[in-house]
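Let's take a quick tour of one protein model. Have the sequence and the 3D view side by side as you read.

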Amino acid sequence: MVLWLVWLREVKLPSLAKVVIAQLAGRVVLTAATAIAVFAFGSSKAVAATWTTATWSAGLPGLALQWALIPLAAYWTESLIAKRNH
C-alpha cells in the first residue's frame with residue numbers, strides 16, 4: 001500500500017481518498033497475482049478466496065485503522081515539516 005501512496009503523493013485528493021485508492025489498488029494487484037498463480041499452479045479456490053466476504057470482514061478492523069491513522073500521521077508529519085521550515 002505504501003507504494004500506491006507514494007505514487008499518489010502529488011495528486012490533489014483528501015488523504016482518506018488516497019488511502020482508499022491505495023487499498024483498492026493493492027487488492028486488485030493481490031487478485032491479479034493470485035489469478036496468475038492459479039493459472040500457473042492450478043488451484044481454483046485461491047482467486048475466490050481473495051474476494052470473499054470473510055476475507056473482507058476479517059480485514060475491516062485493519063482497514064478502519066488505516067483510514068483513521070494514515071491521514072492523521074500525514075497531517076502530523078506535514079505540520080512538523082511546516083514548523084521546521086518557519
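Here is a short briefing, starting with the whole protein and then moving to a few residues.

This is a predicted model, so local features need pLDDT of at least 70 and side-chain atom pairs count only at pLDDT 80 or more, while totals for chains, interfaces and linings use all residues. Residues are numbered from 1 along each chain as its sequence is written, and side-chain values use heavy atoms, with hydrogens and water left out.

**The whole protein**

- You'll find 4 helices and 0 strands here, where helices (H or I, at least four residues) and strands (E, at least two) are DSSP runs numbered from the N terminus.
- Going along the sequence, the pattern reads α-α-α-α.
- The protein has 86 residues, and 16% of them count as buried; buried means under 20% relative accessible area, exposed means over 50%, and partly exposed is in between (1.4 Å probe, protein chains only).
- Its accessible surface comes to about 6,500 Å², with 73% of that belonging to carbon and sulfur atoms; the areas come from the Shrake-Rupley method with a 1.4 Å probe, and for residues only the protein chains shown count as cover.
- Take the contacts (heavy atoms within 4.5 Å) with a separation of 6 or more: 41% of them are between residues 24 or more positions apart.

- K18 sits in helix 2.
- K18 is buried but has no salt bridge, and E78, the nearest side chain of opposite charge, is 6.6 Å away.
- A salt bridge needs a side-chain nitrogen of Lys or Arg within 4 Å of a carboxyl oxygen of Asp or Glu; for charge, Lys and Arg count as positive and Asp and Glu as negative, with His and the chain ends not counted.
- A polar atom of the K18 side chain lies 2.9 Å from the backbone oxygen of V11.

- A17 and P71 are 54 residues apart in sequence, yet their C-alpha atoms are 9.4 Å apart in space.
- I21 belongs to helix 2 (residues 15-41), and I21 counts as partly exposed because its relative accessibility is 37%.

Methods:
A polar contact is a pair of N or O atoms within 3.5 Å; within protein, one must be able to donate a hydrogen and the other to accept it, and residues adjacent in sequence count only if both atoms are side-chain atoms.
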